[in-house]
Amino acid sequence: YFSYETDGFGPVTYTATDTVDLLCHYMERGCPLESEYESRINMTFKYKDKESSKRILNEVLQIK
């Protein structure tokens, strides 16, 4: 089960206006990543090295 509100990697909006307002707010501040979301990202993703495609390909090639 995944809840965007409690498990997601950023704030949730429900209207186009709120989304645009939030995007503008982030851009005005330089797009900082809040510690709450950084923590969720770190707990979810093991690697942050841009090698995911390579790892996936290697696993697929090992399937017999």
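Which residue lies over the face of Y26? In this predicted model, R29 takes that place, at 5.9 Å from the ring centre. R29 is partly exposed, with a relative accessible area of 43%. The R29 side chain also meets that of E34 in a salt bridge, at 3.9 Å from N to O. E34 counts as partly exposed, at 26% relative accessibility.

R55 lies over the face of Y47, at 3.8 Å from the ring centre. R55 also forms a salt bridge with D49. The closest N and O atoms of that bridge are 3.0 Å apart. Relative accessibility is 25% for R55, which counts as partly exposed. D49 is partly exposed too, with a relative accessible area of 36%.

Side chains of opposite charge can pair when their charged atoms come close. The structure holds three salt bridges. R40 lies in helix α3. R40 and E36 are four residues apart in this helix, so about one helical turn separates them. Is R40 buried or exposed? At 14% relative accessibility, R40 counts as buried, because the limit for that class is under 20%. E36, with a relative accessible area of 42%, is partly exposed. Leaving aside residues up to four places away in sequence, R40 touches Y4, E5, T6, D7, G8 and F9. Helix α1 spans residues 4-7, and F9 sits in the loop between α1 and α2.

Two of these contacts of R40, Y4 and F9, also belong to an aromatic cluster. A pair of aromatic rings is described by the distance of the centres and the angle of the planes. The structure holds three aromatic pairs. One of them joins F2 and Y4 edge-to-face. Their centres are 5.1 Å apart, with 80° between the planes. F2 is partly exposed, with a relative accessible area of 42%. Y4 counts as exposed, at 58% relative accessibility. How are the rings of F9 and F45 arranged? Their centres lie 5.4 Å apart and their planes stand at 50°, so this pair is tilted. The F9 and F45 pair links distant parts of the chain, 36 residues apart. F9 is in the loop between α1 (4-7) and α2 (16-28). F45 is in the loop between α3 (35-44) and α4 (52-61). Both residues are partly exposed: F9 at 34% relative accessibility and F45 with a relative accessible area of 43%. Ring pairs link F2, Y4, F9 and F45 into a cluster.

F2, Y4, F9, V12, Y14 and F45 make a nonpolar surface patch of about 660 Å². Y14, one of the patch residues, has its place in the loop between α1 and α2. At 64% relative accessibility, Y14 counts as exposed. The loop between α1 and α2 therefore holds F9 as well as Y14. The patch includes F2, Y4, F9 and F45, which are linked by ring pairs.

Methods:
Residues numbered from 1 in each chain as written. Predicted model: local features only at pLDDT ≥ 70, side-chain atom pairs only at ≥ 80, totals over all residues. Heavy atoms only, no water. Phe/Tyr/Trp six-rings, centres within 6.5 Å; stacked < 30°, edge-to-face > 60°. Buried < 20%, exposed > 50% of the residue type's maximum accessible area, 1.4 Å probe, protein only. Helix = DSSP H or I, 4+ residues; strand = E, 2+ residues; numbered from the N terminus. Lys NZ or Arg CZ within 6 Å of the ring centre and 35° of its normal. Contact = heavy atoms within 4.5 Å. Patch = residues over 30% accessible without salt bridge, like charges linked within 9 Å, V, L, I, M, F, W, Y side chains within 5 Å. Areas by Shrake-Rupley, 256 points an atom, 1.4 Å probe, with all protein chains shown as cover. Salt bridge = Lys/Arg side-chain N within 4 Å of Asp/Glu carboxyl O.
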